[in-house]
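Good morning, and thank you for coming. Please look at the sequence and the structure on the screen, and I shall then go through selected features.

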Amino acid sequence: MRLDKYLGDTAMLTRKEAAEAIRRGRVSVEGAKGPCKPNQNIDPDRDIVTLDGEILKYQKYHYLMLHKPAGCITATEGSAPTVMDLVPKVSKNLFPVGRLDKDTEGLLLITDDGALGHQLLSPKHHVGKTYEVHTAVPVSEADLERLRAGVDIDDPEPTLPAEAEPDGDGHLLLTLYEGRYHQVKRMLMAVGNEVTYLKRLSFGPLQLGDLEKGACRELTEEEAEALRNA
Ligand code: URA
């Protein structure tokens with residue numbers, strides 16, 4: 001990989017900034033002879049590169065879990081606050097995997113691994129997503145059965161079988177294996193109810209756990225591996 005690209009990937013420098021940093025002698029490649037050049041080739045897995053004396057850490061892809069708060073939109077740009085405002089700028093190619101509505105809270109996966117992101121969203125691979133759902137009126141046993149079996153939400157096809165259970169706190173835990181527009185809200189509407197609060201607790205093998213609202217963290221190696229196998 002070219003040294004200037006490596007500096008772009010690890011230190012978020014533009015090509016121009018990387019060239020300038022190299023020219024000013026701020027960059028060193030351990031063991032290399034003579035001054036560094038932007039187009040010199042380095043091995044990201046073996047070479048030790050420093051910027052201002054700090055060793056740069058190369059990571060091909062980044063996987064982050066955000067606890068999305070209500071009020072921000074799931075988009076990479078826009079006039080309203082976006083989820084990306086809450087995510088550290090570890091890569092130029094980060095994007096949210098799927099979307100949560102502006103008023104929905106909870107687990108949102110953010111990555112720059114395009115292939116994995118698309119795989120996780122593809123209808124063939126749809127991974128389970130569990131939501132804590134607060135409703136205007138309690139969900140009856142008969143309605144739980146209807147939600148599990150699939151309901152008509154004015155799409156060509158009814159919803160796929162889902163898991164629906166009371167959470168013991170007067171709310172509903174709903175696990176879906178597909179991702180249609182406003183799906184949870186439309187499913188509750190189909191049984192004559194209304195969502196008053198919605199939070200995603202899990203996405204495939206990932207659990208939100210006690211991550212604070214608005215906080216973002218890197219996935220552990222085990223979580224990233226589980227996601228790749230999901
Ligand atoms: N279903 C919804 O209705 N909204 C969300 O944000 C996610 C799932």
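A salt bridge, as the term is used here, is a side-chain nitrogen of Lys or Arg within 4 Å of a carboxyl oxygen of Asp or Glu. With that rule, R99, D101, D103 and K185 are linked in a network of salt bridges.

Some remarks on the source are in order. This is a predicted model, in which local features need pLDDT of at least 70 and side-chain atom pairs count only at pLDDT 80 or more, whereas totals for chains, interfaces and linings use all residues. Residues are numbered from 1 along each chain as its sequence is written, and side-chain values use heavy atoms, with hydrogens and water left out.

Let me begin with the overall division. The chain falls into domain 1, residues 3-56, and domain 2, residues 63-228; these bounds come from an automatic or database domain assignment. Taken over C-alpha atoms, the centres of domain 1 and domain 2 are 39 Å apart.

How much area do domain 1 and domain 2 bury between them? The value is about 270 Å², of which 59% lies on carbon and sulfur atoms. Buried area here is the accessible area, with a 1.4 Å probe, that two parts lose on being put together, summed over both. On the side of domain 1, G8, D9 and M12 lose the most area to domain 2, together 89% of what that side buries. In terms of contact, meaning heavy atoms within 4.5 Å, four residues of domain 1 meet four residues of domain 2. Across this interface the rule finds zero salt bridges. The residues on the touching side of domain 1 divide into two nonpolar, one polar and one charged. In this scheme Ala, Val, Leu, Ile, Met, Phe, Trp, Tyr, Cys and Pro count as nonpolar, Asp, Glu, Lys and Arg as charged, and the others, Gly among them, as polar.

Two of those residues bring us to helix α1, which spans residues 3-11. Helices (H or I, at least four residues) and strands (E, at least two) are DSSP runs, numbered from the N terminus. Buried means under 20% relative accessible area, exposed over 50%, and partly exposed in between, with a 1.4 Å probe and protein chains only. The buried residues of α1 are L3, D4, Y6, L7, G8 and T10. They pack against α2 (15-23), β1 (27-29) and β2 (49-51). Just after α1, M12 takes a positive phi of about 60°.

I return now to the salt bridges, of which the structure holds 20. In one of them, the side chains of D101 and K185 come to 2.8 Å, N to O. This pair links distant parts of the chain, 84 residues apart: D101 is in the loop between β5 (95-96) and β6 (105-111), and K185 is in helix α5, residues 183-190. Is D101 buried or exposed? D101 counts as buried, at 9% relative accessibility, while K185 is partly exposed at 22%.

A further salt bridge joins E105 to K213, with the closest N and O atoms 3.2 Å apart. Here too distant parts of the chain are linked, with E105 in strand β6 and K213, 108 residues away, in the loop between β11 (206-207) and β12 (216-218). E105 counts as buried at 8% relative accessibility. E178 and R180 also form a salt bridge, at 3.0 Å between the closest N and O atoms, and E178 is buried at 10%.

Helix α5, which carries K185, has Q183, V184, R186, M187 and L188 as its buried residues. What covers them includes β7 (129-135), α4 (141-149), β9 (172-176) and β10 (195-203). Just after α5, G192 takes a positive phi of about 75°.

Finally, T135 is in strand β7 and is buried, with a relative accessible area of 15%. Which residues does T135 touch, not counting those up to four places away in sequence? They are L188, N193, E194 and T196. The C-alpha atoms of T135 and L172, 37 residues apart along the chain, are separated by 7.9 Å.
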